[in-house]
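Please read these notes with the sequence and the model side by side. They go point by point through the chain.

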Amino acid sequence: MAAARRLFSFHLALHPREPARPLATAATAVAVPHRRGKHDAVACKATGKTKPKAKAKAANKGGERLRRRPLEEHLKRRTRSAAAFDADLYGRHGHAHHVPVLLGEVLAAFRRPRPLRSFVDCTLGAAGHSLAMMEAHPEMELYIGMDVDPTALEIGRGHIEAFLAGREANGGELRAYTHVKNFKYIKQVLGSLDESLAVGSSGVDGILIDLGMSSMQVNRSNRGFSVLQDGPLDMRMDPKATLRAEDILNSWPELEVGRILRDYGEESNWQFLQKQIAKAREMGGLHSTGDLVKLIQRKCTISKGRQGWIKTATRVFQALRIAVNDELRVLEDSLHSSFDCLATGGRLAVVSFHSLEDRIVKKTFLELIHGGEADDEDDDLTLPDIDDEDEPWFNQRVQGRNGIVLTKRPITPSQEEEKLNQRCRSAKLRVIQKA
Ligand SMILES: C[S@@+](CC[C@H](N)C(=O)[O-])C[C@H]1O[C@@H](n2cnc3c(N)ncnc32)[C@H](O)[C@@H]1O
C-alpha cells in the first residue's frame, strides 16, 4: 500500500476566478456598522416599571410555567441524544485545549455516506472532531481542515500531523490539507484543490461546522472573549481583521450599539446599557473587558447579584462577538456554500451554541432542501418517521426535492456528556443530506 502523504498547505492558493487579494483583506471585517438586514429583526423586550395588574399576570404566568415544565422537559428529552455515551471516545479525543462537543453524535451523523472518501472540518480548533472522524473512517482519502484563527489551526494541525505520522506507519493513504481561512470561503478552498470539488455532484462527502469558540480561545485573556478574565476588548476570531469590540463600543453610533445588544445578545436591559456605554465615552471610553464588566456590574449587583451580572455580561459579550465577526451573516452564507460543495448523498452537520445560530441553521436547512424560502412552521412538511434500523437516532426527518433534513428537531447532548462538560449544555446538532 502506498505511504500516507501529508500535504499541509498553509497559504491558500486563490481560485483562478477570484481577484488576487491578500488574505487579510479577504477575511477582514470592515470597521463600519453594517446595514440592517434580516438577522437584525429580533423582537426587543420592553423595559419599564411593572404595573400591579401586569405583576399579577406575570405571577400567573410563572405558575403556568411551573405547570408546563414537565412537558417542556419531556420535549427537551425528545431531542436529547439517544446514542449511548462513549466515555472512552471522549477520553481519547478530549484534552486540555478543547473537549469536542456531541462527538459520538457527530460521528453518527457521518455514518453515511459510506465509504466517506472526503471530509471538510470547517472549524478545526484543536482537531478533536477531525481526529475522531479520521479514526472512524480509515477509507477517507481527502481531508481539509479550516480555521480562521491561526493559533487554533496551528494546534489542530499539530494533532493531525501526530495522528497521521502514526497512521503512515500503518500504511494508510490520506491527502490532508489545513487552511487558515474563514469557512465562508469553503468554495474557494475546495476549488483551489480541485475545481470539481466546489460544485455539485462531484463535491465532498461530509462537512462539519462546529460553531463558537474553543476553550483555548476563551481561556486566553488576551483574546477578550472571557467575561471572567480581564483583557483587551478585542473578540476577533481572525486576528488580521480590523474591527474590534472596542471600536464598536467607543465609536459606533449609540443606537447601533443598542441594536447589537438587543438583537445579538437578546438583552432586555439594552437601552440602559446603551446609555451607560454612551456616558462612558464622555469619560474616555471602555478599553478592557474589565471596564465593560464593571459597567454591567453597576447595573446588576444591586438587583440580581453575581448570577445576574454574569448572565448579562455573557449576553453582552455574545452580542459583541457576533457583531465583530459578523457571525450570523457568515453562517447563513456558509450554509449555502457548504451545501453547494456536497456530493450527492453527502452530509453537512452543524453544531450551534445559541438560539440565534440554531434558528438560522434550522431555517436555512429547510430553504436548502426546498430550493427557496422556508416556512418557519415546518410541521406540515414532515414525513412520517422513517424506520431506519441503521440510523434510528434520527427520529424525524423532513424531505425536500434537494435533500433531507435528518434532524427535524436538533440533537442535544446526553446527560452524561453534560455532567462531563458544562460547556456543551447549549449545544444543538442539525444534519442535512443532499439529494
Ligand atoms: C468550537 S471550536 C471547534 C473545536 C473543534 N471542533 C475541536 O473538536 O477541537 C470553533 C472553532 O471555529 C473557529 N471559527 C469560528 N468562526 C469561524 C469561521 N467563520 N471560519 C473558520 N473558523 C471559524 C474558531 O476559531 C474555533 O477554533
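1. A helix here is a DSSP run of H or I that is at least four residues long, and helices are numbered from the N terminus. With that in hand, take the end of α14: the helix is followed by glycine 371, which has a positive phi, near 70 degrees. Please keep in mind throughout that this is a predicted model.

2. Overall make-up. The chain has 15 helices and eight strands. Of its 435 residues, 42% count as buried. Among contacts between residues at least 6 apart in sequence, 72% join residues at least 24 apart.

3. The sheet. In what order do the eight strands of the open sheet lie? The order is β3-β2-β1-β4-β5-β8-β7-β6, and the pairing is mixed. At the edges are β3 (175-180) and β6 (398-399), each of which pairs on one side only. Helix α5 packs on this sheet and touches β1, β2 and β4, with its direction at about 170 degrees to that of β1.

4. Strand β4 and its partners. β4 covers residues 204-210, and seven of its seven residues are buried. With β1 (residues 118-121) the pairing is parallel, over three bridges; here phenylalanine 119 is opposite glycine 206 of β4. With β5 (residues 342-352) the pairing is again parallel, over six bridges. One place to look is leucine 208, whose bridge partner in β5 is alanine 349. When you look along any such strand, remember that side chains in a regular strand alternate between the two faces of the sheet.

5. Valine 120. This residue belongs to strand β1. Why does valine 120 count as buried? There are 30 other C-beta atoms within 10 Å of its own, and a residue is called buried at 20 or more. Leaving out neighbours within four places in sequence, the contacts of valine 120 are Ile144, Ile186, Val204 and Ile207. Leucine 348 is 228 residues away from valine 120 in sequence, yet their C-alpha atoms are 9.4 Å apart in space.

6. Helix α14. This helix (residues 355-370) lies across β5, β6, β7 (403-405) and β8 (428-434), and runs at about 15 degrees to β8. α14 has 16 residues and spans 23 Å from first to last C-alpha, close to the 22 Å expected at 1.5 Å a residue. Its buried residues include Leu356, Ile360, Val361, Phe365 and Leu368, but also Glu357, Asp358 and Lys362. Among the elements that cover the buried residues of α14 are α10 (254-265) and α13, together with β5, β6, β7 and β8.

7. α10 is mostly covered, with nine of its twelve residues buried; among them are Arg259, Ile260, Leu261 and Arg262. The helix reaches 16 Å from its first C-alpha to its last, close to the 16 Å expected. After α10 comes glutamate 266, with a positive phi near 50 degrees. α13 (residues 327-340) has 14 residues and reaches 20 Å, close to the 20 Å expected. Its buried residues include Glu327, Leu331, Leu335 and Phe339.

8. Backbone details to check. Most residues other than glycine have a negative phi, and most peptide bonds are trans.

9. Two residues with positive phi. Methionine 235 has a phi of about 70 degrees and sits in the loop between α8 (215-218) and α9 (245-251). Aspartate 326 has a phi near 50 degrees and lies in the loop between α12 (289-325) and α13. Buried or partly exposed: which applies to methionine 235, and which to aspartate 326? Methionine 235 counts as buried because it has 26 C-beta neighbours inside 10 Å, whereas aspartate 326, with 18, counts as partly exposed.

10. The ligand. The shell around the ligand has 22 residues, and the closest are Pro100, Thr123, Gly125, Gly128 and Asp149. By class there are eleven nonpolar, eight polar and three charged residues. α5 (128-136) and β2 (142-147) each supply at least two residues of the shell.

How values were computed. Residues are numbered from 1 along each chain as its sequence is written. This is a predicted model: local features need pLDDT of at least 70, side-chain atom pairs count only at pLDDT 80 or more; totals for chains, interfaces and linings use all residues. A residue is near a molecule or strand if its C-beta atom, placed from the backbone, lies within 6 Å of it. Ala, Val, Leu, Ile, Met, Phe, Trp, Tyr, Cys and Pro count as nonpolar, Asp, Glu, Lys and Arg as charged, and the others, Gly among them, as polar. Two residues are in contact if their C-beta atoms, placed from the backbone, lie within 7 Å. Two strands pair if DSSP finds at least two bridges between them. Axes are lines fitted to C-alpha atoms, for helices over the stretch in contact, and angles run from 0 to 180 degrees between N-to-C directions. The expected span of a helix is 1.5 Å times one less than its number of residues.
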